[in-house]
Amino acid sequence: MSRECEKQKSAEEAIKKIQSGDRVLVGGFGICGTPFTLIDTITESDHARELTIISNNLGEAGKGLGKLLISKQIKKAVGSYFTTNRDAVKAWNNGELEIELIPQGSLAEAIRAGGAGIAGFYTKTGVGSKLAEGKEVRVFDGEEYLFVKGIKANVALIKADKADTMGNLVYSKTARNFNPMMATAADYVIAEVDEIVEVGTLDPEQIVTPHSYVDTIVLNDRYEKIGGEYVERSR
């Protein structure tokens, strides 16, 4: 980089945008495509509590969102698959965590709808199950469909491979997962990236999230990629 990115901030400065009680979208599938640096910084700062986290899952025990769960900063989790983290199951059993389950495809579409300004959509997924209890069901062409409301949040924490100095983002393979759609569905978007390059360096055909969706960029300086996995550097 020949000049500093205008959108770049430290993780400590960036997460000040998150307030207690906020709804926060967090990218990742398992722990792939997870903004580890941002999550760690929120946990250490302890200034934002009672958070509603909207993510596919809550990381793993002691990793990713698992750290934020242990610090008891999460009030409610909205997502699809929480049983990979034994701490999440324990917290729910103890009445310390509210959980709202949404089928994975419905979760992705609800976030996409929220980002597109669509109030919601009807789907056959979940009809006749406990997930449909208390929700609107309508009949189309003789079949029942469940209404799913679009999802929006106060802040989105996403993870990309690279950003240019304007904030255009490219992703690495399956680490892309929920991140691009989450970038469209929040009032404020913080992108954690492994590298920042000059404008014009990225192949335009590889840019998935345009800079207009990104408010702040944080450079990952805590984790390094070893054998396809992110490992925390010694500090």
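**View 1. Glu 12, Glu 44 and Arg 222 are linked in a salt-bridge network.** The model shown is predicted. Arg 222 and Glu 12 meet through their side chains in a salt bridge of 3.9 Å, N to O. Glu 12 belongs to helix 1 (residues 11-14), while Arg 222 sits in the loop between strand 11 and strand 12 (223-226), so this pair ties together parts that are 210 residues apart in sequence. Glu 44 also forms a salt bridge with Arg 222, and here the closest N and O atoms are 2.8 Å apart. That pair links distant parts of the chain as well: Glu 44 is in helix 2, 178 residues from Arg 222. Glu 12 is partly exposed, at 45%. Glu 44 is partly exposed too, at 47%. In total, the structure holds 11 salt bridges.

**View 2. A salt bridge joins Lys 67 and Asp 40.** Their side chains meet at 3.3 Å, N to O. Lys 67 lies in helix 3 (residues 65-70) and Asp 40 in helix 2, so the bridge ties together parts that are 27 residues apart in sequence. Asp 40 is buried, with a relative accessible area of 3%. Lys 67 is partly exposed, with 23%.

**View 3. Helix 2 is largely enclosed by the rest of the structure.** The reason is a count: seven of its 10 residues are buried. Which ones? They are Phe 36, Thr 37, Leu 38, Ile 39, Asp 40, Thr 41 and Ile 42.

**View 4. Asp 46 and Glu 50 take positive phi values.** Most residues other than glycine have a negative phi. Asp 46 is in the loop between helix 2 (36-45) and strand 2 (51-54). Glu 50 lies in the loop between helix 2 and strand 2. The phi of Glu 50 is about 55 degrees, although Glu 50 is not a glycine. Asp 46 has 40% relative accessibility, so Asp 46 counts as partly exposed. Glu 50 has 47%, so Glu 50 counts as partly exposed.

**View 5. Tyr 122, Phe 140, Tyr 145 and Phe 147 form a cluster.** Ring pairs link these residues. The structure has five aromatic pairs.

**View 6. Glu 205 sits in a loop.** The loop runs between strand 10 (186-197) and strand 11 (216-219). Glu 205 counts as exposed, at 73% relative accessibility. Val 170 is 35 residues from Glu 205 in sequence and 9.6 Å away in space, C-alpha to C-alpha.

Note on methods. Residues numbered from 1 in each chain as written. Predicted model: local features only at pLDDT ≥ 70, side-chain atom pairs only at ≥ 80, totals over all residues. Heavy atoms only, no water. Helix = DSSP H or I, 4+ residues; strand = E, 2+ residues; numbered from the N terminus. Buried < 20%, exposed > 50% of the residue type's maximum accessible area, 1.4 Å probe, protein only. Phe/Tyr/Trp six-rings, centres within 6.5 Å; stacked < 30°, edge-to-face > 60°. Salt bridge = Lys/Arg side-chain N within 4 Å of Asp/Glu carboxyl O.
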